[in-house]
Amino acid sequence: MKIAVFPGSFDPITNGHCDIIARALPLFDKIIIAIGRNSDKRYMFSLEERMQFIRSTYADEPKIEVVEYEGMTVDFCHSVGASFMLRGLRNPADFEFEKAIAQTNRRLAPDVETVFLLTSSGYSFISSSIVREILAYNGDVSELTPAAVYTYIEKEKQ
Ligand code: ADP
């Protein structure tokens, strides 16, 4: 069984993440979307909110699981029997950053292969941080996130 872990903060999940997930689905038997717990980071959405956004977005997709994890991503991959780690690439800055992480991870765990998918061009400008910034000013993010995110925010405002 080909299992991939897609690790990230998903604060919140965006159409950019969804593009990578949609394109990875035919490649793997199971994709575990893994939300890393990082005590140094300040999040806009709680872990429960971030998980719920992803769960509702993929409620009808049996190949997708959503979990949280703590510690090193390669250790988490081993614990769930995943041989692949999925990452998205938007631009040269992502590439430089991801290259260092992937090469380090390969040293730590040569049995876990990092698979990069290049974002579709219409999504490469989207990031969770841009979404958070728009939300901070009460802007409309419905073009940038799945419905689970923006309907929740609309409800919160009422
Ligand atoms: P992290 O804290 O690990 O950067 P993110 O949730 O921001 O967590 O990103 C998780 C993964 O999704 C990373 O591989 C990132 O490059 C990818 N990603 C984020 N936004 C996009 C996008 N718009 N297009 C493609 N990949 C993306």
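**Close-up 1. Six nonpolar, 6 polar and 5 charged residues form the shell around the ligand.** Here Ala, Val, Leu, Ile, Met, Phe, Trp, Tyr, Cys and Pro count as nonpolar, Asp, Glu, Lys and Arg as charged, and the others, Gly among them, as polar. This is a predicted model, in which local features need pLDDT of at least 70 and side-chain atom pairs pLDDT 80 or more, while totals for chains, interfaces and linings use all residues. Residues are numbered from 1 along each chain as its sequence is written, and side-chain values use heavy atoms, leaving out hydrogens and water. Of the 17 residues around the ligand, the nearest are Ser9, Lys41, Gly88, Thr119 and Ile126; a residue is near a molecule if one of its heavy atoms lies within 4 Å of it. At least two shell residues each come from β1 (3-8), α1 (15-24), β4 (84-89) and α4 (92-108). These elements are DSSP runs numbered from the N terminus: helices (H or I) of at least four residues and strands (E) of at least two.

Close-up 2. The protein covers 87% of the 550 Å² of accessible area that the ligand has on its own, by the Shrake-Rupley method with a 1.4 Å probe.

**Close-up 3. Asp11 sits in the loop between β1 and α1.** With a relative accessible area of 1%, Asp11 is buried (buried means under 20%, exposed over 50%, partly exposed in between; 1.4 Å probe, protein chains only). Its side chain reaches the backbone nitrogen of Met44 at 2.8 Å, and a polar atom of the Asp11 side chain lies 2.9 Å from the backbone nitrogen of Phe45. Follow the chain to Pro12 and you meet a cis peptide bond joining Asp11 and Pro12, with omega about 0 degrees.

**Close-up 4. Phe10 and Asn138 have positive phi although neither is a glycine.** For Phe10, phi is about 50 degrees; this residue is in the loop between β1 and α1 and is buried, at 2% relative accessible area. For Asn138, phi is about 60 degrees. Asn138 is in the loop between α5 (128-136) and α6 (147-157), and counts as exposed at 57% relative accessibility.

Conventions
A polar contact is a pair of N or O atoms within 3.5 Å; within protein, one must be able to donate a hydrogen and the other to accept it, and residues adjacent in sequence count only if both atoms are side-chain atoms.
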